[in-house]
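Trainee: I would like to go through the helix packing in this model. Please give the cut-offs as we go.

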Amino acid sequence: MHADEFTPLKTFINRIVDVTEPEWIAHRDCLSRRFLKKGEFLVREGQVSCHVSFVNKGSFRVYKDINGDELTKNFFFAHEYATEFVSYLTRQPSQIHVKALEDTELIELSYDKMQALYEQFPVWQKYGRLMAEAAFLHVAERTHRLLYYTPEQNYIKLLEDRPDIIEKIPQHHIASYLGIQPESLSRIRKRLVELKRA
């Protein structure tokens, strides 16, 4: 791979930990590149997730199919990691789908190579721990908001924190992510527009 293709990932990593050039080269040499078309799956329910994938370009939706209803759990966008983390860490089959919302370019690290980096370089252990902590805090915050905040409050928070979701994602997926019906989201959006005009 051309060095420029790693720039977003290297920039992301350097915001989390200080990495020497030999440590970075060891990590880089473990990476592979992958492309998915819109509608293809990074992980399907029932598969074991074998890679953690940095999204160089594109976006994904995480969802579970329950009796024909697709319940959206999360989204992944460019310059962040995408995978089914529970399956990746436990080596058990995934209980959810991770599907490309557009053509994507990924930089991937396999589970086995990640373990080898952990064994060889303490900095990658630290990086893995910090990323796991960030993922836990994200899940805890989302659970808290779904339990204790109204759908309108959660939509406003989404507008503030993740405008990329609002701009790129179909409204019925956003409604599912918020745990409401599309009609309810339409009413919330209409009410917010009216308040803005008042």
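Trainee: How are α6 and α9 oriented to each other?

Mentor: In this predicted model, local features need pLDDT of at least 70 and side-chain atom pairs count only at pLDDT 80 or more, while totals for chains, interfaces and linings use all residues. Residues are numbered from 1 along each chain as its sequence is written, and side-chain values use heavy atoms, with hydrogens and water left out. The axes of α6 (residues 151-161) and α9 (residues 182-197) come within 10 Å and cross at roughly 70°; axes are lines fitted to C-alpha atoms, for helices over the stretch in contact, with angles from 0 to 180 degrees between N-to-C directions. Since 65 to 115 degrees counts as roughly perpendicular, α6 and α9 are therefore roughly perpendicular.

Trainee: How many nonpolar, polar and charged residues does the contact of α6 with α9 have?

Mentor: Contact means heavy atoms within 4.5 Å. On α6 the contact is made by Pro151, Glu152, Tyr155, Ile156 and Leu159, and on α9 by Leu185, Ile188, Arg189, Arg191 and Leu192. Ala, Val, Leu, Ile, Met, Phe, Trp, Tyr, Cys and Pro count as nonpolar, Asp, Glu, Lys and Arg as charged, and the others, Gly among them, as polar. By class, the contact has seven nonpolar, no polar and three charged residues.

Trainee: Which elements do the buried residues of α2 pack against?

Mentor: Helices are DSSP runs of H or I with at least four residues, strands are runs of E with at least two, and both are numbered from the N terminus. Buried means under 20% relative accessible area, exposed over 50% and partly exposed in between, with a 1.4 Å probe and protein chains only. In α2 the buried residues are Glu23, Trp24, Ala26 and His27, and they fall within an arc of 160° seen down the axis, so they line one face of the helix. They pack against α1, β1 (31-36), β8, α4 and α5.

Trainee: Which exposed residues does α4 carry on the face turned away from its buried side?

Mentor: The buried residues of α4 (residues 111-120) are Tyr111, Met114 and Leu117. They cover an arc of only 120° around the axis, which puts them on the same side of α4; the arc is that of the directions from the helix axis to the C-beta atoms. The face turned away carries Asp112, Glu119 and Gln120.

Trainee: Is Leu9 buried or exposed?

Mentor: Leu9 lies in helix α1 (residues 7-16). Leaving aside neighbours within four places in sequence, Leu9 is in contact with Trp24, His27, Leu31, Phe54, Tyr81 and Ile107. At 1% relative accessibility, Leu9 counts as buried.

Terms used
Angles under 35 degrees count as roughly parallel, over 145 as roughly antiparallel, 65 to 115 as roughly perpendicular and the rest as oblique.
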